[in-house]
Amino acid sequence: MADLVSYVVRKIMLAIPVILVATLIVFLLIYLTGDPIASMAPPHADPAEMQQLRVKYGFDKPFYEQYGIFLWQMMHGDLGISVGRNTKNLQVGDLLVQKLPRTLELMAIGLTISYSIGIPLGIFSALRQNSIADRSVMVFTLVAYAMPSFWLGILLMMLFVVRLGWLPAEGTIGGFASIILPAMTLGIGNAALTTRMMRSSMLEVIRQDYITQLRSRGLPEREIIFRHALKNAILPVITVIGLDIGWFVAGAVVVETVFSWPGIGMLMTNAISNADFPLVRGCILILAIFVILGNLMADIFYAYVDPRVRLG
Amino acid sequence: MSPRKSLNDRLATWKISGGFKQTAADILERGGRNKMVLIGFAVIAVVVALALLAPVLPIGSPTEINADPALAERPPAWNHWFGTDERGRDIFSRVLWGARVSLSVGTLAVFFSMMIGVVLGLTAGYFGGKVDYFISGVIDLFWTFPAFLLALAFAAALGPSLSNVILAISISYWAGFARLIRGQALTVRERQFVEASRALGAKNRRIMFTHVLPNCLAPLIVWASIGVADAITIESSLSFLGVGTQPPTPSWGYMLQRGISYLEEAPWIATFPGVAMLFTILGFNLLGDGLRDVLDPRMKGLRR
C-alpha cells in the first residue's frame, strides 16, 4: 500500500506543472490574439477612452506581469469579469460555479448510459464471436463511432421530439425528461468505444488456460463467464473511465449547444459568439482541469488494480 | 557518385519492414484482399469523385439565394434530389460543395499536423536524452487534451475563417503522429543498418529521413487515414458551433446547425448533410482500420 501512496503523490506532483502550463497556454491564447479592449469597448470609442479601459483592466502592463496577475487572481478564485451582452460585469468564476453542476449531471448520466449499453453488448458480442449478432454489433459500433455527436443529437430530436413528441426539445424546462436526450447523445457515441473494448478484452480472457481448465471441470458456462472471466475482462474497460472523461468533456460542449443545455459547454459557445474572452478563458480552463483530473484518476485507478504499474 | 554514397543509397533501400516501395506493395497486395479496405476505399472514391465533379454537374448554385418563397423548404423531388433549404438553395448542390470543403480541410490539416508530428517525433526519438525529454513533455501535454477541445480554443482565439480552421486543427492534432514516429524511431535507431550508415559517415539528418522515416511509413499511413476522418469531424463540429467555415461557403456543420430550426417543417435540411458526413467519416475510418489490420496487426491496441 505504501508504494501506491507514493505513486499517487508522484502523479499528483506531475499534474501540477501540467495545470500550470495549461493556464499559460490559456493565457497566451487571449494575449496573443488581438486587442481584448477592441471587443470590450463601446462602439466608436475614441483612442483616449480605449487607453483608459486598457489601464483599468491592466492590459497595458508587460506580459509576465499580466500573467502573474492572472495566476494570482485565479488562485484566489477571481477569473475576471465577463464582457458579454447578457452576462456583462458578472464574475466569470460565479458563472462557472453556477453552470458546473449542469455539466456534471449530464456527464454522469451519459457515462452511466454508455457503460450500461457498452458492457453487456461487448460481453454478448464476444461470446458469439463471428456470428451474425456479433457482426451486427460491430457494424453498430463503427457507425456510432463515425457519427458526429451533434448529428446524432439532431436525429434523436427528430425522432423523440418531432415525430413521437415524447420528450421536450431543449433546456431544463422539462425537468428530468429534458436531460434524457442530451445524455443519450453523449452516451451512445462513447458506448461504441466501450463495446469494442469490452469485446476484445473478453475475447482475450476466455482464451486463457484457467478458463479452459474451469470448462474441463464441468462448470456451467454462465458461471465461468460471470464469476471468473468477467472479473478480469472488465478491468481494462473500467480503468479507461478517466480517459472517457476527456471524450465527454469535448462532447459536452457540442451536445449542450444542440440541446441548449445550460452547462459549461453552452456557456462557452455563447461566450465565443459574443467575443467574451474572459469568459471563454474561464471555460477552457475549467474544461482543461477536468481533463487533467480525469487522466490523473485513470492513472491512479490503474495503479490500484495493477500493482505492476506503480512499481515500474 | 562516390562509392560511399552509393553504398549508403543501397542501405536506404535495404529495409527490414518498411521503405516506400515495400509499403506501397503491401497495401496493394494485401489491402486488395481486405474487405474493410475495399469498402472504405470505394466510399472515399465516390465522395471524392462527386466533390470533384460538383462544378460541372447540372445541379444549380450552392450559394445563390432564391428570393421566391415558394421555392424555399421544398421537399426532395426530381429537380431537387435533396430538397431546398430555408433560402431556396439546392441542398444536393450544397452537400457536394460542402464535400470539397470537408475533404480539403481534412487532408490539409492532416498533412500539416503530420509534418509537425514527423519532425518533432523523429527528433525526439532519434536523438533521445534531454532533447527527447523536453519534446516528449510537449507531446504528452497535447496528447492529454482532446484535439477537438484544443482546436476549439485555437479557433476561438484566431477568429473564424477557413484557413484558421485548418491551422487550428493542425496544431491540435499532431501529437498522435509525433508519438507514433517517436516510438518507431527509438527502435529503428538501434538497428544495424543505421549503425552501418553512421559508420559510413552519413549525417544525422540524412539517417533520420532516409533510414528511420521510411520504416515508419506503415503506421503513418494508417494514422493519416483515421486522422482525415477525425479532422472532418472536428471541422464540422467547429462550423456547427459557428467558429469554423463561414457562410456563404457551404459546410456540412453549418448546414446542420441551420437545419435544427426547421426540424418540423423541413427535416431534410438537417438530414442529408449528416448522411454525407457519416459516409465520408465511415469511409476513412474503415480504410484506416483495414490498413492497420493488413499492415501491422500489432497496432491493434493503438486506438480503442
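Predicted model: local features only at pLDDT ≥ 70, side-chain atom pairs only at ≥ 80, totals over all residues.
On the side of H2(B), the contact is formed by B:Asp26, B:Ile27, B:Arg30 and B:Gly31; H13(B) contributes B:Gly290, B:Leu291, B:Val294 and B:Leu295. By class, the residues of this contact of H2(B) with H13(B) comprise 4 nonpolar, 2 polar and 2 charged. In general, a pair of packed helices is described by the angle between the axes and the distance between them.

B:Pro214 is located in the loop between helix H10 (204–212) and H11 of chain B. A residue is buried if 20 or more other C-beta atoms lie within 10 Å of its own; B:Pro214 has 21 C-beta neighbours inside 10 Å and therefore counts as buried.

Chain A is built from helices, with 14 helices and 0 strands in its secondary structure. From the N terminus on, the order of elements is accordingly α-α-α-α-α-α-α-α-α-α-α-α-α-α. Along the principal axes, the C-alpha atoms of chain A fill a box of roughly 85 × 55 × 30 Å. Chain A has 312 residues, of which 37% count as buried. Among the contacts in chain A with a separation of 6 or more, 73% involve residues 24 or more positions apart.

The domain assignment divides chain A into domain 1 (2–92) and domain 2 (99–311). The C-alpha centres of domain 1 of chain A and domain 2 of chain A are 32 Å apart. The contact between them draws on 24 residues from domain 1 of chain A and 22 residues from domain 2 of chain A. Divided by class, the side of domain 1 of chain A that touches domain 2 of chain A holds 15 nonpolar, 6 polar and 3 charged residues.

Helix H1 of chain A, spanning residues 2–31, has 30 residues. The distance from its first C-alpha to its last is 44 Å, close to the 44 Å expected at 1.5 Å a residue. Within H1(A), the residues A:Ala22, A:Val26 and A:Ile30 are buried. An α-helix has 3.6 residues a turn, so residues three or four places apart point the same way.

The two chains also touch each other, and their contact takes 31 residues from chain B and 37 residues from chain A. On the side of chain B that touches chain A, at least two residues each come from helix H5 (129–144), helix H6 (147–158), helix H11 (217–241) and helix H13 (272–295) of chain B. H6(B) gives the most to this side, with 7 residues. The composition of the side of chain B that touches chain A is 22 nonpolar, 7 polar and 2 charged residues.

Conventions
Residues numbered from 1 in each chain as written. Chains lettered and ligands numbered in written order. Helix = DSSP H or I, 4+ residues; strand = E, 2+ residues; numbered from the N terminus. Expected span 1.5 Å × (residues − 1). Buried ≥ 20, exposed ≤ 12 C-beta atoms within 10 Å, placed from the backbone. Contact = placed C-beta atoms within 7 Å. Nonpolar A, V, L, I, M, F, W, Y, C, P; charged D, E, K, R; others polar. Domains from an automatic or database assignment.
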